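Please read it alongside the sequence and the coordinates.

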Amino acid sequence: MHTFYATLALLFTFTILFWSSTEGAVCGAYNPVFDTCCNGVINGGPKQSCCGTKAYNTFFDTCCNGVINGGPKQSCCGTKAYNTFFDTCCNGVINGGPKQSCCGTKAYNTFFDTCCSGVIRSGKVSVCGK
């Protein structure tokens with residue numbers, strides 16, 4: 001019977017050590033079973049991805065330059081997430097319409113328009129200024 005209690009005590013000790021394990025010198029002591037460490041900040045919820053100091057779930061959100069946006073697996077345009085099937089990012093500005101070219105912060109279709117010195121001109125212009 002003494003062996004049973006010794007085994008039980010040993011099992012209890014290992015269980016306590018497991019549940020109170022620590023990870024990461026950056027966050028200090030925390031339990032990865034319950035929390036996620038993101039750049040020195042402990043967040044509730046295990047095994048999440050980090051976006052700056054915040055934890056998030058990649059199945060639901062996208063991180064763009066430290067900002068969490070709703071919607072998974074999107075592309076980033078600055079700190080905003082967008083879907084490349086519907087929009088184009090031009091120098092940090094999201095424009096309606098997929099796979100377009102950029103003229104400054106505006107998107108345009110090269111089949112119909114031309115960009116001349118940051119200005120969209122209707123039609124195919126071979127030389128800007130004429």
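Which residue forms a disulfide with C51, and how far apart are their sulfur atoms? The partner is C63, and the two sulfur atoms are 2.1 Å apart. The model is a predicted one, in which local features need pLDDT of at least 70 and side-chain atom pairs count only at pLDDT 80 or more, while totals for chains, interfaces and linings use all residues. Residues are numbered from 1 along each chain as its sequence is written, and side-chain values use heavy atoms, with hydrogens and water left out.

- The structure holds eight disulfides, a disulfide being a pair of cysteine sulfur atoms within 2.5 Å.
- A disulfide is a covalent bond between the sulfur atoms of two cysteines.
- The link of C51 and C63 is right-handed, with 75° about the S-S bond.
- Strands (E, at least two residues) and helices (H or I, at least four) are DSSP runs, numbered from the N terminus.
- C51 is buried at a relative accessible area of 2%, whereas C63 is partly exposed at 22%.
- Buried means under 20% relative accessible area, exposed means over 50%, and partly exposed is in between (1.4 Å probe, protein chains only).

**Disulfide C77–C89**

- C77 and C89 are joined by a disulfide with an S to S distance of 2.0 Å.
- The torsion about their S-S bond is about 75°, so this disulfide is right-handed.
- The pair links distant parts of the chain, with C77 in strand β7 (residues 75-77) and C89 in strand β9 (residues 87-90), 12 residues apart.
- C77 is buried, with a relative accessible area of 2%, and C89 is partly exposed, with 21%.

**Disulfide C116–C128**

- The disulfide between C116 and C128 has an S to S distance of 2.1 Å.
- With -80° about the S-S bond, the link of C116 and C128 is left-handed.
- C116 sits in strand β13 (residues 113-116) and C128 in the segment after β14 (119-122), and the pair links these distant parts of the chain, 12 residues apart.
- C116 is buried at 6% relative accessible area, while C128 is partly exposed at 38%.

- Most residues other than glycine have a negative phi.
- N91 has a positive phi, near 50°, and is a residue other than glycine.
- N91 is in the loop between β9 and β10 (93-96), where N91 is exposed with a relative accessible area of 61%.
- K99 is not a glycine, yet its phi is positive at about 50°.
- K99 lies in the loop between β10 and β11 (101-103) and is exposed, with a relative accessible area of 72%.

- T105 is placed in the loop between β11 and β12 (106-108).
- The relative accessible area of T105 is 37%, and T105 is partly exposed.
- Leaving out residues up to four places away in sequence, T105 touches C90, N91, V93 and N95, where contact means heavy atoms within 4.5 Å.
- V93 is 12 residues from T105 along the chain, and their C-alpha atoms are separated by 5.8 Å.
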